[in-house]
Amino acid sequence: MFAAYRRQYPDLAKQIDQMQRRDAPSGWDATLPAFSADAKGLATRDSSGQVLNAIAEHLPWLLGGAADLSPSTKTNLEFDFAGNFQTPEGDQAVSYRGRNFHFGLREHAMCAIGNGMSLSKLRPFVSSFLIFTDYCRAALRLSSMMELPLISIWTHDSISLGEDGPTHQPIEQLASFRAMPGMVVLRPADANEVMEAWKVIMHLKDRPVCLVLTRQAVPTLDRSIYANAAGVAQGAYVLADAPDGRPDVLLLATGSEVALCVTAYEQLKAEGIKARVVSMPSWELFESQPKEYHETVLPPAITARVAVEEASGFGWERYTGFDGAILALHSFGLSAPSKVVAEHFGFEPAHVVAAAKAQIAGSPSTKQVGIARTE
């Protein structure tokens with residue numbers, strides 16, 4: 001039957017072959033957006049939405065939606081022929097062709113449905129806020145166990161979401177997904193890292209991914225000054241370095257905290273202190289690299305290290321060593337504007353600079369996690 005179908009519809013049969021192999025069609029990346037340097041920047045959820053739409057327009061079996069939050073997760077497919085998947089009504093006989101799925105407030109069911117779609121060799125994506133992954137864990141664990149390339153998109157990724165407060169501010173979720181066998185966690189730093197993260201995602205065939213994105217705007221880094229974002233494919237890369245390539249201290253971060261480390265790097269540089277900024281969007285991809293690459297990015301001889309992440313610090317010791325500084329969280333968040341929240345927990349350049357200087361000086365007192373400022 002399929003041989004007859006192939007003779008009658010060769011182009012569609014080719015697409016079915018590609019689906020079965022989990023290959024992307026040629027030209028899937030033909031209209032990816034360009035992101036120029038911008039100090040104000042944009043939220044990574046926004047840049048991700050642009051990239052997702054550019055890819056989906058050329059990949060007919062990329063489809064999905066959100067748990068009633070697509071306006072917030074920026075996952076609605078908006079090109080003319082995308083449409084909504086829904087029960088036909090009246091003359092809407094083509095509604096089953098729709099590629100936007102409205103899952104409703106049922107995060108676990110959403111991810112379970114995504115698994116089923118993936119088993120059918122579609123390329124589904126699901127989305128919600130990162131904090132609501134707590135409802136999804138069993139289904140996501142099965143994604144990993146079954147080696148399904150489910151794309152899960154999680155926004156509002158840190159305490160910097162602000163006023164929604166501790167109930168909506170994720171703390172331990174990043175660490176828990178990094179602990180899940182087979183799961184790839186990607187937390188990009190800016191729009192260009194988002195672009196590169198999607199390129200990684202499109203080549204995954206047997207591993208699910210958590211794409212973790214900001215609500216707030218983050219600077220789009222000037223890649224003529226800082227390293228090319230293509231380093232995302234290796235999981236971690238040297239974003240900014242000492243002029244002689246021999247830094248005194250390493251600043252490690254993911255997501256929105258990378259820009260914070262870049263600001264601290266520039267302040268240290270102005271004071272004649274040699275630092276290196278390492279963007280680490282995916283620990284899993286980094287761990288899969290050869291030892292030689294690890295040591296190029298994180299030279300063993302450089303023990304002065306500062307890791308910065310607005311989440312639980314659990315696990316960062318593997319990269320900082322036990323004497324390194326981990327500026328992270330050991331409590332729940334705070335309901336306040338994002339800037340106030342960041343200052344309260346010490347996520348500001350001055351704190352990173354101070355930790356870097358203390359590390360260089362060899363002070364053991366820098367091993368402090370999530371210092372809340374109460375003055």
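These legends go with several close-up views of a predicted model.

The model is predicted, so local features are given only at pLDDT of at least 70 and side-chain atom pairs only at pLDDT 80 or more, while totals for chains, interfaces and linings use all residues. Residues are numbered from 1 along each chain as its sequence is written, and side-chain values use heavy atoms, with hydrogens and water left out.

**View 1. The six-stranded sheet is open and parallel.** Its strands run in the order E3-E2-E4-E5-E7-E6. Strands here (E, at least two residues) and helices (H or I, at least four) are DSSP runs, numbered from the N terminus, and two strands pair if DSSP finds at least two bridges between them. Strand E3 (100-102) and strand E6 (184-186) are at the edges; each has a single partner strand, so one side of each has no neighbour in the sheet. On average, neighbouring strands of this sheet are turned by 20° against each other, direction ignored. Zoom in on E2 (residues 62-66) and E4 (residues 123-129) and you'll find five bridges in the parallel sense, with Pro124 in E4 as the bridge partner of Leu63. Helix H8 (residues 191-202) packs on the sheet and touches E4, E5 (151-155), E6 and E7 (209-212), its direction making about 170° with that of E7. Touching, or contact, means heavy atoms within 4.5 Å; axes are lines fitted to C-alpha atoms, for helices over the stretch in contact, and angles run from 0 to 180 degrees between N-to-C directions.

**View 2. A five-stranded open sheet has mixed pairing.** The order this time is E9-E11-E10-E12-E13. E9 (237-240) and E13 (325-329) are the edge strands, each pairing on one side only. Neighbouring strands are turned by 25° against each other on average, again ignoring direction. E9 and E11 pair in the antiparallel sense over three bridges, and Ala240 stands opposite Val277 in E11. Packed on this sheet is helix H9 (residues 257-270), which touches E9, E10 (249-253), E11 and E12 (305-312); its direction makes about 160° with that of E10.

**View 3. Ser279 sits in strand E11 (residues 275-279).** Ser279 counts as buried because its relative accessibility is 0%; buried means under 20% relative accessible area, exposed over 50%, and partly exposed in between (1.4 Å probe, protein chains only). Its side chain makes a polar contact of 2.7 Å with that of Glu193. (A polar contact is a pair of N or O atoms within 3.5 Å; within protein, one must be able to donate a hydrogen and the other to accept it, and residues adjacent in sequence count only if both atoms are side-chain atoms.) Leaving aside residues up to four places away in sequence, Ser279 also touches others, including Ala189, Gly235, Tyr237 and Val258.

**View 4. Aromatic rings pair up, and some carry an arginine over the face.** The whole structure has 13 aromatic pairs; rings of Phe, Tyr and Trp (its six-membered ring) pair if their centres lie within 6.5 Å, with planes under 30 degrees apart called stacked, over 60 edge-to-face and the rest tilted. Ring pairs tie Trp283, Phe286, Tyr293, Trp316 and Tyr319 into a cluster. Arg178 lies over the face of Trp283, 3.9 Å from the ring centre, and Arg137 lies over Phe177 at 4.7 Å. That label needs NZ of Lys or CZ of Arg within 6 Å of the ring centre and within 35 degrees of the ring normal.
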